[in-house]
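Dear colleague,

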Amino acid sequence: SEMACNAIKEWWLKEGKIAYPEAVSLLVLADSGGSNSSRHNIFKQDLKDLACDIGLEIRMAHYPPYTSKWNPIEHKVFPHITRSLSGIMLKSY
C-alpha cells in the first residue's frame, strides 16, 4: 500500500497538479486483490494520510474480483510489459 500511495503522490505532484489545477478530488481505479484491497486497513490509513498530504479528497473504485482486465490503465499497459519481459528472468525488482 505504501508503494501505491507513493506512486499516486508522485504522479499528482509531477503531472496531475499541472494537468488538473482545479481538481478537488481524485478517483483511483484499482483491482480488489493484493495490498490495495478494499479490506486492508493499512491501505485505507495510507490513503487518508496521502489525502491530507496533497489536499485532495481521494475516492477508490475497486473492480470486483477477476475483473481488473477492464481497468483501462491495466488494459493499455500489460501488453507492453508482457512483450518487453518475454523470456527474461528477473533478478531484482
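**What was found**

At 62% relative accessibility, Ile42 counts as exposed, where exposed means over 50% relative accessible area, buried means under 20%, and partly exposed lies in between (1.4 Å probe, protein chains only). Please keep in mind that this is a predicted model, in which local features need pLDDT of at least 70 and side-chain atom pairs count only at pLDDT 80 or more, while totals for chains, interfaces and linings use all residues. Residues are numbered from 1 along each chain as its sequence is written, and side-chain values use heavy atoms, with hydrogens and water left out.

Ile42 has its place in helix H2; helices (H or I, at least four residues) and strands (E, at least two) are DSSP runs numbered from the N terminus. Although Ile42 and Ser1 are 41 residues apart along the chain, their C-alpha atoms are separated by 7.1 Å.

Next comes the interior. In soluble globular proteins, nonpolar side chains tend to be buried together. Leaving aside neighbours within four places in sequence, Leu56 is in contact (heavy atoms within 4.5 Å) with Trp12, Ala23, Val24, Ser25, Leu26 and Ala51.

Which residues do ring pairs link into a cluster? They are Trp11, Trp12 and Tyr20. Rings of Phe, Tyr and Trp (its six-membered ring) pair if their centres lie within 6.5 Å, and planes under 30 degrees apart count as stacked, over 60 as edge-to-face and the rest as tilted. The whole structure holds two aromatic pairs: Trp11 and Trp12 form a tilted one, 6.1 Å centre to centre with 50° between the planes, and the rings of Trp11 and Tyr20, with centres 6.5 Å apart, are also tilted because their planes lie at 45°. Trp12 is buried at 6% relative accessibility, whereas Trp11, at 33%, is partly exposed, and Tyr20, at 49%, is partly exposed.

Finally, Leu85 lies in the segment after helix H3 (72-84) and is partly exposed, at 36% relative accessibility.
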